[in-house]
Amino acid sequence: MSSPSSSPPGAERTDGSSVRIGVLVPLTRPGWAEAGHHLLAGLELAVREVNEAGGIGGRPLELVVRDTAADPQRAAAAVDELARLGVAALTGEYHSVVARAAAVRADALGLPFLCSSAVLDTLTEEPTEWVARLSPPQSRGWQLYADFLLGAGHSRIAIAAQPSVYWASGVRVLRDHLAPRGGTVIELDTRALTPTAVCDELVDNRATALLLLVGHPEPAVSIVKAVRRDRRLAAIMIGAPAGQPEFAEWGTLLGDDGTAIPFLRYLPERLSPLGARVETALRERLAEAPSFVAFEGYDTVAVLADVLRSHGTDRARIAESWPRVAVEGTRGRIHFSRTPGISVWQWVWPPIQVVDRDPAEPDRFRILHAG
């Protein structure tokens, strides 16, 4: 392969070398490494299939992977490095705060970024042409979750929260959506409360639901264990809208205590033939059931491969193509548009479900609500 300095950033390369795509994923703690591995598995599977089908105009697609470890500064530095290496585009990231740092840097550098799996509404402060996103914005998913809570009869909702732009945004969405409909939101600061003290607050506030807006595995696991063991809270519902129960580690750490905890995931009720085929291949690659994050990874490469074949590897032309994307993904037909309040190109209608793990069969997910 020619050296990265042989052509200016974003230039069309015709030397027969690979088309390089930069990938940001959390692969080590404190990042949610399990989510990162699922995301990467989806990306890698799709790249393998693209290359088996002839690549991009005869050139193989290559992923250049960088571990963000959930660190925004590390991610921003990786974007700089990947831009210097001459990648045609940037993909990936699971953590919203990290994706935001990457999006801001990609916008500043003129590097197209297709964000796979981060939901924070405001990925960039100003509208940008350089960034597109596959996952639904947090406001849409969490409003659907709020509707689920109200439909299930919960109007006094406690939130165990940690300080974070992402968690604060989630609290705001829930409060704004629940308050006009008679819902009350009670915030509990987990920095000041032990898991046992959280239980006492739930009793004192007569909460019927507790939402975990905290990190995984801790303090989420300790709070769940404390609540499950408190006889005063036998009737309380625990929820985790950010999706902590999606991954196998949740079940390993909590066993039966981790079931019946509703969370958001971005899958359709039934997978298309493409989705079913990809699910089988991902299951084999991961040696476990693939999460929705793995499907997001696959769909990311499906979109980028289509764009690269149609518009070439010039960065500006890739960014200009976002509004013309029309790709059949594993979870529906993907196209991007401008959405009020969202600063990036957005796939407007990814499927959204509220699901939980079935207490009778913890590896099975029950669909409780969809939109």
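Ala69 sits in the loop that links S2 to helix H2 (72-84). Helices (H or I, at least four residues) and strands (E, at least two) are DSSP runs, numbered from the N terminus. The model is predicted: local features need pLDDT of at least 70, side-chain atom pairs count only at pLDDT 80 or more, and totals for chains, interfaces and linings use all residues. Residues are numbered from 1 along each chain as its sequence is written, and side-chain values use heavy atoms, with hydrogens and water left out.

Back to Ala69. Its phi is positive, about 50 degrees, although Ala69 is not a glycine. Most residues other than glycine have a negative phi, and most peptide bonds are trans. Ala69 has a relative accessible area of 7%, so it is buried. Buried means under 20% relative accessible area, exposed means over 50%, and partly exposed is in between (1.4 Å probe, protein chains only).

Ala260 also has a positive phi, near 55 degrees, and is a residue other than glycine. Its place is the loop between H8 and S10. With a relative accessible area of 27%, Ala260 is partly exposed. Thr259 lies in the loop between helix H8 (248-254) and strand S10 (263-265). Is Thr259 buried or exposed? Thr259 is buried, at a relative accessible area of 6%. Leaving aside neighbours within four places in sequence, Thr259 is in contact with Arg228, Arg357, Asp358, Pro359 and Pro362. Contact means heavy atoms within 4.5 Å.

Now the cis peptide bonds. One joins His216 and Pro217, with omega about 5 degrees. Pro217 is found in the loop between strand S8 (209-213) and helix H7 (220-228). A cis peptide bond also joins Glu218 and Pro219, where omega is about 5 degrees. Pro219 lies in the loop between S8 and H7.

Turn to the sheet. Strands of a sheet pair through backbone hydrogen bonds, either parallel or antiparallel. Here seven strands form an open sheet in the order S2-S1-S3-S4-S5-S14-S13, with mixed pairing. Strand S2 (61-67) and strand S13 (336-337) are the edge strands, each pairing on one side only. Two strands pair if DSSP finds at least two bridges between them. Strand S1 (residues 19-25) and S2 run parallel, joined by seven bridges. In this pair, Val25 stands opposite Asp67 in S2.

Helices pack on this sheet. Helix H1 (residues 33-52) touches S1, S2 and strand S3 (89-92), and its direction makes about 165 degrees with that of S2. Helix H3 (residues 96-109) touches S1, S3, strand S4 (113-115) and strand S5 (131-133). The direction of H3 makes about 160 degrees with that of S4. Axes are lines fitted to C-alpha atoms, for helices over the stretch in contact, and angles run from 0 to 180 degrees between N-to-C directions.

Helix H9 (residues 273-286) packs against helix H10 (residues 292-311) at about 115 degrees, with the axes 11 Å apart. H9 and H10 are therefore roughly perpendicular to each other (angles of 65 to 115 degrees; under 35 is roughly parallel, over 145 roughly antiparallel and the rest oblique). Leu274, Gly275, Arg277, Val278, Glu279, Leu282 and Leu286 in H9 meet Ala294, Phe295 and Tyr298 in H10. The residues of this contact divide into seven nonpolar, one polar and two charged. Ala, Val, Leu, Ile, Met, Phe, Trp, Tyr, Cys and Pro count as nonpolar, Asp, Glu, Lys and Arg as charged, and the others, Gly among them, as polar.
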